[in-house]
Amino acid sequence: MWIYGSDMDGESMKNVILQLVMAFVGSLGFAMLFRLRRALWISASLGGVFCWGGYLLVMYFSDGQIFTSGLAAAALAAVYAELLAARKRAPVPLFLIPSVVPLIPGSTLYYTMSAAVQGNTEEVSHYGSLTLQYALSIAGGICIVWTLLSIFRRYYVLQTNFDQVTANEVNSNK
């Protein structure tokens, strides 16, 4: 499979395209579930495509590192959601939630619970670790972007206020 380091062939390319289409459909489903306005459906769903595409790309270049791939993809989704929210004048979560839907570790969580019910501690440990890596990478990527944006906004507001105060002082001295 392409995402685990082998060369890209026709079958792998079909697989990647199918995954991106399914990311779009899954994100669209959540956009509908959360009752986004129809005008925002495509934009919110494209976030899922970008997020999953980023995940696959980083997965390829990081030799299958789940945490790194999830962190980068979640950060990409957070940046996309912030930019789109500013452009469409809508709240960020409207775009962030559908964008990160493809990253949700549904299969590993299922296998963790299934192994727990069966009493297979080795599989619980393995799949539980993968689920935790996915979850922490999603949260970490979003938190990193929001923290950096918060710092940037605070600096920008302070700089803007300083410039206004300085301009007012110059004008009052004339």
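Student: Is Arg 35 buried or exposed?

Tutor: This is a predicted model. In it, Arg 35 has a relative accessible area of 75%, so Arg 35 is exposed. Over 50% counts as exposed.

Student: Where does Arg 35 lie?

Tutor: In the loop between α1 (10-33) and α2 (38-61).

Student: Which loop holds Arg 89?

Tutor: Arg 89 is in the loop between α3 (66-88) and α4 (93-100). Its phi is positive too, near 55°, and Arg 89 is not a glycine. With a relative accessible area of 79%, Arg 89 is exposed.

Student: Now the helices. How do I read a packed pair?

Tutor: Two packed helices are described by the angle between their axes and the distance between the axes. Take α2 and α4. Their axes come within 7 Å and cross at roughly 45°. That makes α2 oblique to α4. The crossing is right-handed.

Student: Which residues of α2 and α4 meet?

Tutor: From α2, the residues are Leu 40, Ser 43, Ala 44, Gly 47, Gly 48 and Cys 51. From α4, they are Leu 94, Phe 95, Pro 98, Ser 99 and Val 100. By class, this contact has 7 nonpolar and 4 polar residues, and no charged ones.

Student: How many aromatic pairs does a search of the whole structure find?

Tutor: The search finds 6. To read a pair, look at the ring centres and the angle between the planes. In one of the pairs, Tyr 110 and Tyr 111 have ring centres 5.5 Å apart and planes at 65°. Over 60 degrees counts as edge-to-face, so this pair is edge-to-face.

Student: What kind of pair do Tyr 111 and Tyr 127 make?

Tutor: A tilted one: the ring centres are 5.2 Å apart and the planes are at 40°. Tyr 111 lies in helix α5 (residues 106-118), and Tyr 127 lies in helix α6 (residues 121-172). The pair therefore ties together parts that are 16 residues apart in sequence.

Methods:
Residues are numbered from 1 along each chain as its sequence is written. This is a predicted model: local features need pLDDT of at least 70, side-chain atom pairs count only at pLDDT 80 or more; totals for chains, interfaces and linings use all residues. Side-chain values use heavy atoms; hydrogens and water are left out. Rings of Phe, Tyr and Trp (its six-membered ring) pair if their centres lie within 6.5 Å; planes under 30 degrees apart count as stacked, over 60 as edge-to-face and the rest as tilted. Helices (H or I, at least four residues) and strands (E, at least two) are DSSP runs, numbered from the N terminus. Buried means under 20% relative accessible area, exposed over 50%, partly exposed in between (1.4 Å probe, protein chains only). Axes are lines fitted to C-alpha atoms, for helices over the stretch in contact, and angles run from 0 to 180 degrees between N-to-C directions. Angles under 35 degrees count as roughly parallel, over 145 as roughly antiparallel, 65 to 115 as roughly perpendicular and the rest as oblique. A crossing is left-handed if the near helix is turned anticlockwise from the far one by less than a right angle, and right-handed if clockwise. Contact means heavy atoms within 4.5 Å. Ala, Val, Leu, Ile, Met, Phe, Trp, Tyr, Cys and Pro count as nonpolar, Asp, Glu, Lys and Arg as charged, and the others, Gly among them, as polar.
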